[in-house]
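The structure is shown first.

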Amino acid sequence: MRAFLVVVTLIVLAIAAPRMAAQKVELSIDESKPGAKIDRNLFGQFAEHLGHGIYDGIWVGSDSTIPNTRGIRNDVVVALKAIHVPNVRWPGGCFADEYHWRDGIGPERGVRLNPNWGGVIEPNTFGTHEFMDFIDQIGSEAYVSVNLGSGSPHEASDWLEYMTAAQATTLEKERAANGHAAPYKVALLGLGNESWDCGGNMTPDYYLDRMKVFSRFVRNYNPAQIEKDQMLKIAVGPGGSEQRWTDWTETVMKAYQQHTWSWDINGLSMHSYTVVKWPPAFKSVGFGEDEYAQILKSTLDMDELIKKHSAIMDKYDPQKKVALVVDEWGGWYAPLPGSNPGFLVQQNSLRDAIMAALNINIFARHADRVRGANLAQMINVLQAMIMTDHEKMLLTPTYYVYKMYVPFQDSTFVPVTFDAGSYKHGEFNLPRVDAMAAKSKDGKLCVELTNVDPRQAADVQLNVPGINVKSASGETLTAAQVDSVNTFEAPNAVVPKPISAKAQGGKLILHLEPKSVTVVSVEQ
Ligand code: AHR
């Protein structure tokens, strides 16, 4: 009898679930108090020589049957152009601190091993010129990380002279002979990578001494970057919240406060993955609500991490001249069964799309200090935008979030207030709804709304005091399951669809489906 009652109750609950009344949320947008610029560099990408991130993902070679322009896949270029990638961080990651740029120029390439990532052969067929060509084809900018770990200041300064010199130096002539007479633009320069770990296990003081030398001698000579558009130098920063990381931030920022004319930095990097436990064990597909709630709860720690390191930066740099650049972030899960564990191959689900939206909103709320972020990694690695398999390519749910957020690039933050409510699952309690608003470059009011709850819809009433809001339209992204993914067989399982609402009786209500990300622009 008891078993019968349990079954009946479950059936009743299952029938009732889809009919659960939508949660009502009132959201107020205060256009009179604009905040910081949401720097387009918050939407940066990261492409490391790792697994199929570069080879197959970007580079197929000019003799490939896969359509390409000078060896770079056309399908990938078209897809990336559509999301307006502001910068691409390259060549690593851990790889950067073992990279020797001369292996990647000229007709004879240095064939090396890639000990960090599977110990495979690194042919170096994708080097400086190929990277810059790729950047040019997708309409982006270069964020080059120099080898501060196993390289020398001499090697790094030569690389910059090779890339940026306009006068007829030996290195400039070599670049021209290799096919590029005009100097390249290097928008951002990384002074090492994770120097506390794979970048050389340095103490903060040792790193600081070394970083100052690199900052002094690694110069950009491009005439177009001398006065304006100056190259921004990003120092290695923290990788977590524990004391070793706060000590690191303290050391670098204290030195920055006292820095003289002979060295400078414009940014401090921070790395933070959503991983929960190490080695990464959570599945990237084939999981249920438990892992959905746990991963999303964990990703929200980004906010506290930013606050912690921003507070230290504020002490030494109250004018916020140094940006916090979260140049590695994203979900890091167990490698897909059958893949090379050194290639960091994982699927990308609706959960990742929601995770991306939550993190971008956190960055935007800290936009006065956080002026750069690079999702790890762009293609075929970790929380990728794009996955490729020979001639096939698919766009992930995370890709679509980046596409929906394009209007937020270089927009102006506008404060929103709302009661988020809560989504509880087991021991996990998260805000049910998240929201962020901004005035886009063309003056449109854009609003992002995330409904984290995987079972209950939300009806959001948009209020803009003093403004008669007429309608809102845009796109919404959701799917059947929290772990829904796009595959090469079914590449359109998770794609955005249009959403719109018209004001009625002076009220504008947007219906958010469960587990969804929505971006609308508001007509006044
Ligand atoms: O993104 C993969 C690796 O994660 C990077 O190479 C390294 O910087 C980080 O530990």
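## The open sheet

An open sheet is built from four strands in the order 18-1-23-26, and its pairing is mixed. Here strands (E, at least two residues) and helices (H or I, at least four residues) are DSSP runs, numbered from the N terminus, and two strands pair if DSSP finds at least two bridges between them. Strand 18 (416–418) and strand 26 (508–512) form the edges, each pairing on one side only. Neighbouring strands of this sheet are turned by 25° against each other on average, direction ignored. Axes are lines fitted to C-alpha atoms, for helices over the stretch in contact, and angles run from 0 to 180 degrees between N-to-C directions.

Strand 1 (residues 23–29) pairs with strand 18 in the antiparallel sense, over three bridges. Within this pairing, F418 in strand 18 is the bridge partner of L27.

## Basis of the model

The model is predicted: local features need pLDDT of at least 70, side-chain atom pairs count only at pLDDT 80 or more, and totals for chains, interfaces and linings use all residues. Residues are numbered from 1 along each chain as its sequence is written, and side-chain values use heavy atoms, with hydrogens and water left out.

## The barrel and its helices

Eight strands close into a barrel with parallel pairing, in the order 3-6-9-10-11-12-13-14. From one strand to the next, the twist averages 30°. Strand 11 (residues 232–235) and strand 12 (residues 267–274) run parallel and are joined by two bridges. A235 stands opposite L268 in strand 12.

Helix 9 (residues 301–316) packs on the sheet and touches strand 12, strand 13 (323–331) and strand 14 (370–375), where contact means heavy atoms within 4.5 Å. The direction of helix 9 makes about 160° with that of strand 12. Helix 6 lies across strand 9 (141–146), strand 10 and strand 11, and runs at about 145° to strand 10.

## Packing of helix 2 and helix 3

Two packed helices are described by the angle between their axes and the distance between the axes. Helix 2 (residues 74–81) and helix 3 (residues 128–138) pack at about 50°, with their axes 8 Å apart. The two helices, helix 2 and helix 3, are therefore oblique to each other; angles under 35 degrees count as roughly parallel, over 145 as roughly antiparallel, 65 to 115 as roughly perpendicular and the rest as oblique. Helix 2 contributes V77, L80 and K81 to the contact, and helix 3 contributes F134, Q137 and I138. By class, the contact has four nonpolar, one polar and one charged residues. Ala, Val, Leu, Ile, Met, Phe, Trp, Tyr, Cys and Pro count as nonpolar, Asp, Glu, Lys and Arg as charged, and the others, Gly among them, as polar.

Ten of the eleven residues of helix 3 are buried, so helix 3 is largely enclosed by the rest of the structure. Buried means under 20% relative accessible area, exposed over 50%, and partly exposed in between (1.4 Å probe, protein chains only). The buried residues of helix 3 include H129, F131, M132 and I135. Just after helix 3, G139 takes a positive phi of about 70°.

## The disulfide

The structure holds one disulfide, defined as a pair of cysteine sulfur atoms within 2.5 Å. C94 and C198 form this link, with their sulfur atoms 2.2 Å apart. The link of C94 and C198 is left-handed, with -95° about the S-S bond. The pair joins distant parts of the chain, 104 residues apart: C94 lies in the loop between strand 6 (87–90) and strand 7 (112–114), and C198 in the loop between strand 10 (188–191) and helix 6 (204–217).

C94 counts as buried at 12% relative accessibility, whereas C198 is partly exposed, with a relative accessible area of 27%.

Seven of the eight residues of strand 27 (residues 516–523) are buried, so strand 27 is largely enclosed by the rest of the structure. Strand 22 (residues 445–451) runs antiparallel to strand 27 and is joined to it by seven bridges. Strand 24 (residues 471–477) also pairs with strand 27 in the antiparallel sense, over seven bridges. T518 in strand 27 is the bridge partner of L449 and of T476.

T398 lies in helix 11 (residues 397–404) and is buried, with a relative accessible area of 0%. Not counting residues up to four places away in sequence, T398 touches N348, D352, A353, A356, L375, Q383, A384 and M385.
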